[in-house]
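Work through the following exercises with the structure open beside the text. Each task is followed by a solution in steps.

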Amino acid sequence: MPRYKAFGLTFKSDIELPPLINLESQKADVIIEIGEVSKTGLVAPNSIKPYCQIAKNQLWLHVPDIAWFHVTNGNHILVEPEKNADLQSVRLFLLGSCIGAIMYQRNRLVIHGNAIRFGDGCVIFAGNSGNGKSTLAAAFHKRGYEILSDDLSVIDEHIHVQPSYPQLKLWHDTAQKLDIDISGLNRIRLQVDKYAYPITNSFCDSPLPIKAVYILNTHNQDKFEFAPIKGVDKFHPLKNQSYRSHYLEGLGLKAEHLKLCGQVANNIDITRITRPKEGFKLDELVDLIEADIKRREEKAA
């Protein structure tokens with residue numbers, strides 16, 4: 001069984017996970033096995049949603065035409081691919097929905113956003129789908145910045161982001177904006193116009209403390225707004241940008257999650273960035289973020 005590392009853990013997997021960094025033989029924190037998963041769900045779920053059931057230390061997930069998944073105890077993922085399912089899609093849900101559940105079961109805070117290295121720390125960019133997280137990460141990558149994570153930022157007990165794996169997921173139009181050649185890249189799913197873009201030479205593989213979190217939004221005005229979030233108001237963006245937050249109540253971890261959000265909010269700066277919806281003005285936005293981070297560092301010095 002191949003072994004890999006990501007998110008501060010070691011994985012032993014029946015399914016090859018090429019985006020992840022390979023390891024020599026080492027004790028695994030998480031086992032990923034192919035096997036038979038119940039088609040009806042859990043015995044006594046706390047939460048039942050379409051194709052998803054959740055109980056303490058358990059997540060059952062069915063992605064039609066792709067696979068059934070059963071995630072347990074923060075250390076085991078059982079996968080039963082559907083007949084003729086493509087492995088790209090199976091991996092996508094393994095490294096997204098299933099890893100998110102594993103991290104919650106391990107009492108980690110998981111933010112739906114990417115993390116970019118700035119000096120001896122990192123900055124998280126979070127926001128709803130379509131607000132430009134991946135585009136911004138790719139733009140910083142093009143400027144020579146190292147990437148810690150894309151899509152999932154896992155925060156440990158030291159308020160550090162754990163590195164994920166050396167890959168960005170780019171929409172076709174994002175690649176065009178940044179003049180990135182996708183001709184040799186694989187789609188993350190055969191049905192989706194989004195591509196796996198390797199970043200081996202600019203991947204940060206060490207956990208880093210969080211300097212700040214930026215929440216990305218859009219509006220219909222032709223200007224950028226940077227609005228620092230203060231005091232108790234910092235708590236809500238972290239809660240709202242938590243990955244697959246509907247898992248938490250079924251897992252019985254809602255109270256613990258709120259506590260983690262509070263701990264992080266008390267120790268970092270959070271700023272809301274609102275950008276024009278039309279015309280991304282990407283270079284201008286990156287310039288403004290660089291200047292804002294520089295001001296923070298000078299103020300802290």
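The exercises below concern a predicted model.

**Exercise 1. Helix H6**

Task: Compare the reach of helix H6 with the expected value, and find which of its residues are buried and what covers them.

Solution. 
- Step 1. H6 runs over residues 254-265, which makes 12 residues.
- Step 2. From the first C-alpha to the last, the helix reaches 16 Å, close to the 16 Å expected at 1.5 Å a residue.
- Step 3. The buried residues in H6 are His-257, Leu-260, Cys-261, Gly-262, Val-264 and Ala-265.
- Step 4. The cover over these buried residues includes three helices, H1 (87-105), H4 (235-240) and H5 (247-251). It also includes strands E10 (109-118) and E13 (152-155).

**Exercise 2. The largest cavity**

Task: State the volume of the largest cavity, name the residues that line it, and say which element gives the most to its lining.

Solution. 
- Step 1. The count comes to one cavity of 30 Å³ or more.
- Step 2. The volume of the largest cavity is about 40 Å³.
- Step 3. Its lining consists of Tyr-104, Asn-107, Arg-108, Leu-248, Leu-253, Glu-256, His-257 and Leu-260.
- Step 4. With three residues, H6 gives the most to this lining. Two residues in the lining, His-257 and Leu-260, are also among the buried residues of H6.

**Exercise 3. The largest pocket**

Task: Describe the largest pocket by its volume and by the residues and elements that line it.

Solution. 
- Step 1. The largest pocket has a volume of about 1100 Å³.
- Step 2. It is lined by 47 residues, of which Leu-92, Asp-150, Lys-169, Ile-188 and Lys-194 are the closest to its centre.
- Step 3. Two or more lining residues come from each of H1, E10, H2, E15, helix H3 (172-177), strand E16 (186-187) and strand E17 (194-198).
- Step 4. H1 gives the most, with seven residues.

**Exercise 4. Aromatic rings**

Task: Classify the ring pairs Phe-7 with Tyr-165 and Phe-118 with Tyr-145, and place each residue in the chain.

Solution. 
- Step 1. A pair of aromatic rings is described by the distance of the centres and the angle of the planes.
- Step 2. The whole structure holds seven aromatic pairs. In the pair of Phe-7 and Tyr-165, the ring centres are 6.2 Å apart and the planes stand at 85 degrees, so the pair is edge-to-face.
- Step 3. This pair links distant parts of the chain, 158 residues apart. Phe-7 is in the loop between strand E1 (3-6) and strand E2 (9-13), and Tyr-165 is in the loop between strand E14 (160-162) and strand E15 (167-171).
- Step 4. Phe-7 is buried at 5% relative accessibility, and Tyr-165 is buried at 7%.
- Step 5. For Phe-118 and Tyr-145 the centres are 4.8 Å apart and the planes are at 45 degrees, so the pair is tilted.
- Step 6. Phe-118 belongs to strand E10, and Tyr-145 to the loop between helix H2 (133-142) and strand E12 (147-149), so the pair ties together parts 27 residues apart in sequence.

**Exercise 5. Positive phi**

Task: Locate Tyr-51 and Asn-84 and decide whether each is buried, partly exposed or exposed.

Solution. 
- Step 1. Most residues other than glycine have a negative phi.
- Step 2. Tyr-51 has a positive phi of about 70 degrees, and Asn-84 has a positive phi of about 70 degrees.
- Step 3. Tyr-51 lies in the loop between strand E5 (47-49) and strand E6 (52-55), while Asn-84 lies in the loop between E9 and H1.
- Step 4. Tyr-51 is partly exposed, at 48%. Asn-84 has 73% relative accessibility, so Asn-84 counts as exposed.

Terms used. Residues numbered from 1 in each chain as written. Predicted model: local features only at pLDDT ≥ 70, side-chain atom pairs only at ≥ 80, totals over all residues. Heavy atoms only, no water. Helix = DSSP H or I, 4+ residues; strand = E, 2+ residues; numbered from the N terminus. Expected span 1.5 Å × (residues − 1). Buried < 20%, exposed > 50% of the residue type's maximum accessible area, 1.4 Å probe, protein only. Contact = heavy atoms within 4.5 Å. Phe/Tyr/Trp six-rings, centres within 6.5 Å; stacked < 30°, edge-to-face > 60°. 1 Å grid on protein atoms, 1.4 Å probe; cavity = no way out; pocket = protein on both sides within 12 Å on 5 of 7 lines; lining within 4 Å. Points joined across faces, edges and corners; volume = space filled by probe spheres on them.
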